[in-house]
Amino acid sequence: MSERTVFEYALLRVVPRVERGECFNAGVLVYCRAKSFVAARTHLDERKLKALDPHADVVGVRAALRAVEGVCCGGDAAGQAAGDDAGRRFRWLIAPRSTVVQPGAVHSGLTADPEAEVERLLDLLVR
């Protein structure tokens with residue numbers, strides 16, 4: 001059995017109308033310092049989005065979710081964060097913001113495989 005290490009995660013929430021505060025989970029961010037790992041996986045339920053706001057910008061929300069995934073990947077897709085290490089990118093992404101896509105609270109756990117943890121949390125908490 002592989003050694004388990006500490007990881008942190010936060011849900012990505014879609015808040016179609018910020019003034020109303022209604023939201024639903026649309027992704028997960030996972031960071032594991034010991035493995036210099038950060039990743040995001042997203043899943044947008046358009047039906048939920050339209051139920052909360054029939055006029056929601058589906059294309060814009062998808063773009064915002066893809067941007068989070070891009071920052072996690074680093075490189076050119078990360079834009080200004082391209083040169084930052086995994087921890088800095090994670091901390092930047094979990095900073096509170098008043099936008100349609102918002103990070104939730106940060107939680108922690110133990111894992112031997114952070115990549116598998118991303119998929120497990122997406123299945124458990126988002127899909």
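Does Thr-99 count as buried, partly exposed or exposed, and at what relative accessibility? At 34% relative accessibility, Thr-99 counts as partly exposed, because that class lies between buried (under 20% relative accessible area) and exposed (over 50%), with a 1.4 Å probe and protein chains only. The model is a predicted one, in which local features need pLDDT of at least 70 and side-chain atom pairs count only at pLDDT 80 or more, while totals for chains, interfaces and linings use all residues. Residues are numbered from 1 along each chain as its sequence is written, and side-chain values rest on heavy atoms, with hydrogens and water left out.

Back to Thr-99, which sits in the loop between H3 and S4. Setting aside neighbours within four places in sequence, Thr-99 touches Val-15 and Val-18 (contact: heavy atoms within 4.5 Å). Thr-99 and Val-15 are 84 residues apart along the chain, yet 7.4 Å separates their C-alpha atoms. A polar atom of the Thr-99 side chain also lies 2.6 Å from the backbone oxygen of Val-101.

Now for the sheet. Helices (H or I, at least four residues) and strands (E, at least two) are DSSP runs numbered from the N terminus, and two strands pair if DSSP finds at least two bridges between them. Four strands make an open sheet in the order S3-S2-S1-S4, paired antiparallel. S3 and strand S4 (101-111) are the edges, each pairing on one side only. On average, neighbouring strands are turned by 20° against each other, direction ignored; axes here are lines fitted to C-alpha atoms, for helices over the stretch in contact, with angles from 0 to 180 degrees between N-to-C directions. H3 packs on this sheet and touches S1, S2, S3 and S4, its direction making about 155° with that of S2.

As for individual pairs, strand S1 (residues 5-14) and S4 run antiparallel and are joined by nine bridges, with Thr-5 opposite Thr-111 in S4. Strands S2 (residues 24-32) and S3 (residues 37-42) pair in the antiparallel sense over six bridges, and Val-28 stands opposite Arg-41 in S3. Their hairpin has four residues between the strands, and Ser-36 takes a positive phi near 50° there.

Finally, Arg-89 belongs to helix H3 (residues 86-93). Arg-89 is buried but has no salt bridge, a term that calls for a side-chain nitrogen of Lys or Arg within 4 Å of a carboxyl oxygen of Asp or Glu. The nearest side chain of opposite charge, Asp-85, is 6.2 Å away, with Lys and Arg counted as positive, Asp and Glu as negative, and His and the chain ends not counted. The Arg-89 side chain does reach the backbone oxygen of Cys-72, at 3.0 Å.

Terms used. A polar contact is a pair of N or O atoms within 3.5 Å; within protein, one must be able to donate a hydrogen and the other to accept it, and residues adjacent in sequence count only if both atoms are side-chain atoms.
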